[in-house]
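Subject: Handover of a structure and its findings

Dear colleague,

Please find below the structure that I am handing over to you. The findings follow directly after it.

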Amino acid sequence: MEDMDIRKRLDRELLTNTFYHSSTQHILKHKTAYFPIIESILREEGVPEDLKYIAVAESAFRDFRSPAGASGVWHFMKGTAKQYGLEVNGEVDERYHLEKATRAAAKFLKDLKQQMGSWTLAAAAYNRGASGVKNKIQQQRAETYYDLNLNAETARYVFRIVALKDIIEDPGYYGFFIESEDTYQPDYDFATVTVTESVVNWGDFARQYGTTYRKLKVLNPWLRDVNLTVSRGNSYEIRIPRR
């Protein structure tokens, strides 16, 4: 922090995320539902828990599609998602499956760490791509992320992760006061049903289990169409709200 360039870059992200109230409050309300799941998987995969803030930086816990086509909480591009074992098609998009996408992200980050040599550079490569960061390191003879002169988005990326960590871990210091009862918990207690045959209509399926299409979609956001084609020998685990 005695390096004024680094200090200013971090301060910019602290200011941006502190005074971007709607997004930051959305994150603080949702963290209780998302972090326990993400942290558990990162621990199992041997990835530092602090890298959960990559998901926050990428999506702010919003399951949306970026203009470039990145989707889900971890904002996977389609090709990378498939490379790490996620199913992506018109009926199923596992980038929206929190557990599966988190495990895929953990494996991706471990591969980036092996290529880049540090978790910080792995985080930068998550945003820019490994080859893009490697090329800049070679061109600029840089040794760390903080020595690199990068495109604006990647130059801010790690600082944004650090700023979000600081704000989320000590929200009161930054003027955010959210009572525990105001945070969001998982939407529904659920049971799991194994589906081994094609589903013609999820609305009819939901009614068979005494629930609604909306609740089914909330629990299974990775189901992207009103039907599901199940090939022979394949199966899907579908979450159903407990009555």
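A residue is called buried when its relative accessible area is under 20%, exposed when that area is over 50%, and partly exposed in between. Please note that this is a predicted model.

Salt bridges

The structure contains 14 salt bridges.

In one of them, arginine 9 and aspartate 5 are joined through their side chains, at 3.3 Å from N to O. The two residues belong to helix H1 (residues 4–18), where they are four residues apart and thus separated by about one helical turn. In general, an α-helix has 3.6 residues a turn, so residues three or four places apart point the same way. Arginine 9 counts as buried because its relative accessible area is 16%, and the cut-off for that term is under 20%. Aspartate 5, with a relative accessible area of 38%, is partly exposed.

Another pair is found in helix H8, where glutamate 169 and lysine 165 lie four residues apart, about one turn of the helix. Their salt bridge has its closest N and O atoms 2.9 Å apart. Lysine 165 is partly exposed, its relative accessibility being 25%.

Arginine 103 and glutamate 44 also form a salt bridge through their side chains, with an N to O distance of 2.8 Å. This pair connects distant parts of the chain, since arginine 103 is in helix H5 (residues 98–116) and glutamate 44 is in helix H2, 59 residues apart. Arginine 103 is partly exposed at a relative accessible area of 28%, whereas glutamate 44 is exposed at 54% relative accessibility.

Helix H2

Helix H2, which spans residues 21–45, bends by about 60 degrees at lysine 31. After H2 comes glycine 46, which has a positive phi, near 75 degrees.

In general, most residues other than glycine have a negative phi. Phenylalanine 61 is not a glycine, yet its phi is positive, at about 65 degrees. This residue is located in the loop between helix H3 (52–59) and helix H4 (78–83). Is phenylalanine 61 buried or exposed? With 3% relative accessibility, phenylalanine 61 counts as buried.

Histidine 75, likewise a residue other than glycine, has a positive phi near 50 degrees. Histidine 75 is also placed in the loop between H3 and H4. The relative accessible area of histidine 75 is 10%, and the residue is therefore buried.

With kind regards

Technical notes:
Residues are numbered from 1 along each chain as its sequence is written. This is a predicted model: local features need pLDDT of at least 70, side-chain atom pairs count only at pLDDT 80 or more; totals for chains, interfaces and linings use all residues. Side-chain values use heavy atoms; hydrogens and water are left out. The bend at a residue is the angle between axes fitted to the seven residues ending there and the seven starting there. A salt bridge is a side-chain nitrogen of Lys or Arg within 4 Å of a carboxyl oxygen of Asp or Glu. Buried means under 20% relative accessible area, exposed over 50%, partly exposed in between (1.4 Å probe, protein chains only).
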